[in-house]
Amino acid sequence: MLLNSKNKVGIDELTFLSTPRLLYVCEQDIVEACLAHRVVHSHGFLEILYIYEGSGMVVINKKEYFVARGDLIVYNAAVMHDEKTSKIGTMCMGVSNLCLAQLPPNCLLPRQASPVVHCDDRMASFVEGLFKELMALMEDSSKEHQVICSYIMLLVLSIARHFGKSALMGKEPDSTRSSELCDRVKDYISQNYTEELSNEVVSHAVSVSPYHLSRVFKQETGCTPMQYVAQLRLGKAQTLLVHTDMPITEIAYNVGYNSSNSFNYAFLKLIGLTPGAYRKMYRL
């Protein structure tokens, strides 16, 4: 049952402290997934994927997860991820303005919960139907259809939250000094990736030495702070290339590059395509 109380919106026991906003709904089949090459990236919003065909591996916060048809993948905001496999067909939705008690903005599951939610056959068919209905309704911008889309979105969020919390992983609390330092570094980079960043600048911001920062961060994440910056910038650039018509030069400056040449070089080196070729290929 849907509930409304001033700024609170909820379904049964799940209460949203603000009204979530549906940003987009899209589909990518196995053929398109084989063509698309994305680096490890994150979003400032929540993203939920439903796998309707295929199977393979995804990497989320440096951990690999096997996924298959019927699974939901929950990408909380600022979580680094990579659809490593190219053999899955997905339906995806992005959600902003999500606020739940005791969780950071645009986060649906607590950190100790698995980001991969397994659904049984009956629930998988139901969720797939919800995504298909969302995509059909999004083609019509009428107010009535927008309202229905909002309710379907709330239902998908509640299903993912319910089944995700039911399968909490038995992992140790992530409260060591190293993990806390890396969290502070990621937060700082996420808030300042458009600025001039260096190892010295970041280490000064979190009050540790550059050497200590590099050693601990690479040990925890598998990459250096500056590699993380590059991955974050290019991941955001890929999102802008695919989901907007923003000129490439403007995208370069929006994600922290001083020139389109340096952006093109970094993009080609890591992705294997120029930004223009990537945009054209993804929109085929």
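These questions and answers look at helix packing and aromatic rings in a predicted model.

Trainee: How are helices α7 and α9 oriented to each other?
Mentor: Take helix α7, residues 225–243, and helix α9, residues 260–271. Their axes come within 11 Å and cross at roughly 95°. Angles of 65 to 115 degrees count as roughly perpendicular. Therefore α7 and α9 are roughly perpendicular.

Trainee: How many residues of the contact of α7 with α9 are nonpolar?
Mentor: From α7 come Leu234, Ala237, Gln238 and Leu241. They meet Phe263, Ala266, Phe267, Leu270 and Ile271 in α9. One residue of this contact is polar and none is charged. The nonpolar count is eight.

Trainee: Is the aromatic pair of Tyr50 and Phe131 stacked or edge-to-face?
Mentor: A pair of aromatic rings is described by the distance of the centres and the angle of the planes. For Tyr50 and Phe131, the centres are 6.2 Å apart and the planes 20° apart. Planes under 30 degrees apart count as stacked. So this pair is stacked.

Trainee: How many residues apart in sequence are the parts that Tyr50 and Phe131 tie together?
Mentor: Tyr50 lies in strand β5, residues 46–60. Phe131 lies in helix α2, residues 121–138. So the pair ties together parts whose separation in sequence is 81 residues.

Trainee: Are Phe267 and Tyr278 buried or exposed?
Mentor: Their rings form an edge-to-face pair, 5.6 Å centre to centre, with 70° between the planes. Phe267 lies in helix α9 and Tyr278 in helix α10. Both residues are buried.

Trainee: Which residue has its charged end over the ring of Tyr257?
Mentor: Tyr257 is in a cluster of ring pairs with Phe263, Phe267 and Tyr278. The charged end sits 5.5 Å from the centre of the Tyr257 ring. It belongs to Arg233.

Technical notes:
Residues numbered from 1 in each chain as written. Predicted model: local features only at pLDDT ≥ 70, side-chain atom pairs only at ≥ 80, totals over all residues. Heavy atoms only, no water. Axes fitted to C-alpha atoms, helices over the stretch in contact; angles between N-to-C directions. Helix = DSSP H or I, 4+ residues; strand = E, 2+ residues; numbered from the N terminus. Parallel < 35°, antiparallel > 145°, perpendicular 65-115°, else oblique. Contact = heavy atoms within 4.5 Å. Nonpolar A, V, L, I, M, F, W, Y, C, P; charged D, E, K, R; others polar. Phe/Tyr/Trp six-rings, centres within 6.5 Å; stacked < 30°, edge-to-face > 60°. Buried < 20%, exposed > 50% of the residue type's maximum accessible area, 1.4 Å probe, protein only. Lys NZ or Arg CZ within 6 Å of the ring centre and 35° of its normal.
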